[in-house]
Amino acid sequence: MFIQTEATPNPASLKFLPGRDVLGTGTAEFRAADEAGDSPLAERLFQVEGVGGVFLGPDFITVTKAAGEWPHLKPAILGAIMEHFMSGAPVISRAQEGGNDEFFAAEDADTVATIKELLETRVRPAVARDGGDIVFGGFRDGVVFLHMRGACAGCPSSTATLKHGIENLLRHFVPDVRAIQEIPSP
């Protein structure tokens, strides 16, 4: 098994590409070891000293370090990923519950549908290439609220991505959008 790695714009996160489906569809994020109970892969990764977060994408794994340097962490992480896939254990053992509760007024449903379509078709694929995800959280008074996940959460360039990239795109196509705001992670 050959696992490729890619740098992300977030120096604390590294993207691992195992050359096979990870989740296939959807994403899952684990910000701490105690959240990883539903994912044998995330549990195994959190056993590597220095791992601070795990984000699972359709065909990639983004690991965020809490401590240590990549030259020391990377071999242990590669070993944990390889061991997991060789074991045949599932990536997720049961469906994650909940998710992000969206909020918006009923009269804004058409605007929200357009925002979601733009996020899905133009923003999320680009952000996934960088090892992260952006998820719609809500819309109120012209402000779009977004969740930053994976390598995007805590990334030094995420403010620029939000303000200059996504905000400009949405304002161009959706005149009702005045601003973008990140919803902080709990």
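**View 1. Phe55 and Phe60 in this predicted model.** Phe55 is buried, because its relative accessibility is 1%. Phe60 is buried as well, at 3% relative accessibility. The ring centres of Phe55 and Phe60 lie 6.0 Å apart. Their planes meet at 40°, so this pair counts as tilted. Phe60 also has a charge over its ring: the charged end of Lys15 sits 4.7 Å from the ring centre.

**View 2. Phe104 and Phe136 form an edge-to-face pair.** The ring centres are 6.3 Å apart. The planes stand at 65°, over the 60 degrees needed for edge-to-face. Phe104 belongs to strand E6 (residues 103-104) and Phe136 to strand E7 (residues 132-140). The pair links distant parts of the chain, 32 residues apart. Phe104 is partly exposed, with 35% relative accessible area. Phe136 is buried, at 5%. The model has three aromatic pairs by the ring-centre rule.

**View 3. Five strands make an open, antiparallel sheet.** The strand order is E1-E2-E5-E4-E3. Strand E1 (4-7) and strand E3 (28-30) are the edges, each pairing on one side only. Neighbouring strands are turned by 20° against each other on average, direction ignored.

View 4. Ala28 has Leu56 of E4 as its bridge partner.

**View 5. Helix H2 lies across the sheet strands E1, E2, E4 and E5.** H2 spans residues 70-87. Strand E2 covers 13-17 and strand E5 covers 61-65. The helix runs at about 35° to E2.

Note on methods:
Residues are numbered from 1 along each chain as its sequence is written. This is a predicted model: local features need pLDDT of at least 70, side-chain atom pairs count only at pLDDT 80 or more; totals for chains, interfaces and linings use all residues. Side-chain values use heavy atoms; hydrogens and water are left out. Two strands pair if DSSP finds at least two bridges between them. Helices (H or I, at least four residues) and strands (E, at least two) are DSSP runs, numbered from the N terminus. Axes are lines fitted to C-alpha atoms, for helices over the stretch in contact, and angles run from 0 to 180 degrees between N-to-C directions. Contact means heavy atoms within 4.5 Å. Rings of Phe, Tyr and Trp (its six-membered ring) pair if their centres lie within 6.5 Å; planes under 30 degrees apart count as stacked, over 60 as edge-to-face and the rest as tilted. Buried means under 20% relative accessible area, exposed over 50%, partly exposed in between (1.4 Å probe, protein chains only). A charge sits over a ring if NZ of Lys or CZ of Arg is within 6 Å of the ring centre and within 35 degrees of the ring normal.
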